[in-house]
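Trainee: I would like to learn how to read a protein model, beginning with a single residue. Could you take me through it slowly?

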Amino acid sequence: MIQGFAPALIAWQKVHGRHQLPWQNTDDPYRVWLSEIMLQQTQVTTVLGYYERFLERFPDVTALAAAHLDEVLALWAGLGYYSRARNLHRCAQAVVAQFGGSFPPAAELLATLPGIGRSTAAAIASFCFGERVAILDGNVKRVLGRVLAFDADLAKQANERQLWALATELLPDQDMPSYTQGLMDLGATLCSRTSPQCLLCPVTELCLGRKTGQPEDYPVRIRKLKRSRRENWWLWLEHEGRIWLTQRPDTGVWAGLWTLPLFDDEAALQAQAGALDVKLSRLPTIEHSLTHFDWVLHPRQASLSQAPGEALPGPGVWVAREALASYAVPAPLKKLLT
């Protein structure tokens with residue numbers, strides 16, 4: 001195992017690491033947990049505003065647990081990966097119901113809560129309780145994969161378990177918060193996916209990946225994500241300044257969010273327009289990229305002079321424009337409607 005890795009990382013973090021983010025300099029598990037969930041697959045600059053708004057509305061886990069899911073989703077709208085918001089709400093309720101409103105002080109127990117995986121549990125336990133436990137999120141896999149020149153395919157669970165074991169061996173005996181933050185900071189700044197700044201790295205002399213001359217080759221992940229393409233049509237109906245919204249099912253893409261009625265093909269859309277006796281206006285096509293597929297959305301707009309009753313695509317609700325902020329709508333729809 002590489003000697004001197006943890007001390008070098010800790011010393012670097014104390015001087016050059018990030019110290020001014022709003023979820024730092026605290027051992028409050030609620031605030032650390034909230035930031036960890038929001039930062040999953042999301043940039044820090046994007047999270048900052050959401051984090052502050054969430055804390056303002058839900059200052060502690062009890063307040064979040066007592067909220068209605070629709071309000072949580074509305075505050076989350078635009079941040080993406082909405083299963084995180086649903087699990088956030090479920091987790092808050094579990095903390096209140098199972099642990100009396102206090103997060104359990106051990107990674108093993110934290111990992112039993114909804115939406116908290118092994119690495120997130122370890123981060124909370126390290127920052128808030130000083131537990132000697134390894135994290136292994138995407139950035140840390142990159143840092144350790146390069147430092148160790150770990151050339152096994154991380155798409156295979158057995159190899160990932162091996163990296164977990166190596167990450168545990170590297171842990172320091174003390175100052176876990178600085179070490180854990182140092183790993184995060186190094187992966188988020190100098191040890192980037194492309195063009196890593198090896199000359200500035202505090203562990204450059206220890207990095208086996210750099211010694212190969214190709215640090216970008218690590219970590220290894222052979223299995224590639226297969227992307228698909230989906231195409232749908234949106235029906236934007238307005239009546240007296242209100243917009244007709246329908247709620248998505250509890251599972252699947254945009255689960256639980258409010259959107260315009262969605263159609264699988266243009267023929268079905270036109271049939272609905274005929275039933276409503278409206279003429280549709282064509283709006284610019286929207287291309288929206290999600291994790292597993294690219295979504296092409298074709299909005300069509302119509303104004304209704306009278307409320308059509310049963311002919312509406314539903315069930316749904318008429319929502320005044322000034323009330324849209326109270327509804328959880330996906331980011332591309334929010335942009336379209338505003």
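Mentor: We start with a term: a residue is called buried if its relative accessible area is under 20%, exposed if over 50%, and partly exposed in between, using a 1.4 Å probe and protein chains only. This is a predicted model, in which local features need pLDDT of at least 70 and side-chain atom pairs count only at pLDDT 80 or more, while totals for chains, interfaces and linings use all residues. Residues are numbered from 1 along each chain as its sequence is written, and side-chain values use heavy atoms, with hydrogens and water left out.

Trainee: Is Asn232 buried or exposed?

Mentor: Asn232 counts as buried because its relative accessible area is 4%. This residue sits in strand E1 (residues 228-239), where helices (H or I, at least four residues) and strands (E, at least two) are DSSP runs numbered from the N terminus.

Trainee: Which side chain makes a polar contact with the side chain of Asn232?

Mentor: A polar contact is a pair of N or O atoms within 3.5 Å; within protein, one must be able to donate a hydrogen and the other to accept it, and residues adjacent in sequence count only if both atoms are side-chain atoms. The side chain of Trp295 makes such a contact with that of Asn232, at 2.7 Å, and a polar atom of the Asn232 side chain also lies 3.2 Å from the backbone oxygen of Phe263.

Trainee: Which residues make up the largest nonpolar core, and which of them touch the most other members?

Mentor: A nonpolar core is a set of buried Ala, Val, Leu, Ile, Met, Phe, Trp, Tyr and Cys residues joined through side-chain atoms within 4.5 Å. The largest one has 96 residues, of which Phe5, Trp33, Leu144 and Tyr179 touch the most other members. Helix H8 (residues 118-129) gives the most to this core, namely seven residues. Apart from it lies another core, of 14 residues, including Leu235 and Trp318.

Trainee: How many cavities of 30 Å³ or more are there?

Mentor: Rolling a probe the size of a water molecule over the atoms shows where empty space is left. On a 1 Å grid over the protein atoms alone, a cavity is a set of points where a 1.4 Å probe fits but cannot get out, and lining residues have an atom within 4 Å of a point. Grid points are joined across faces, edges and corners, and a volume is the space filled by probe spheres set on the points. The count comes to one cavity of 30 Å³ or more, and the largest cavity holds about 110 Å³ of space. Among its 15 lining residues, Arg146, Cys191, Cys198, Cys201 and Cys207 are the closest to its centre.

Definitions and conventions
1 Å grid on protein atoms, 1.4 Å probe; cavity = no way out; pocket = protein on both sides within 12 Å on 5 of 7 lines; lining within 4 Å.
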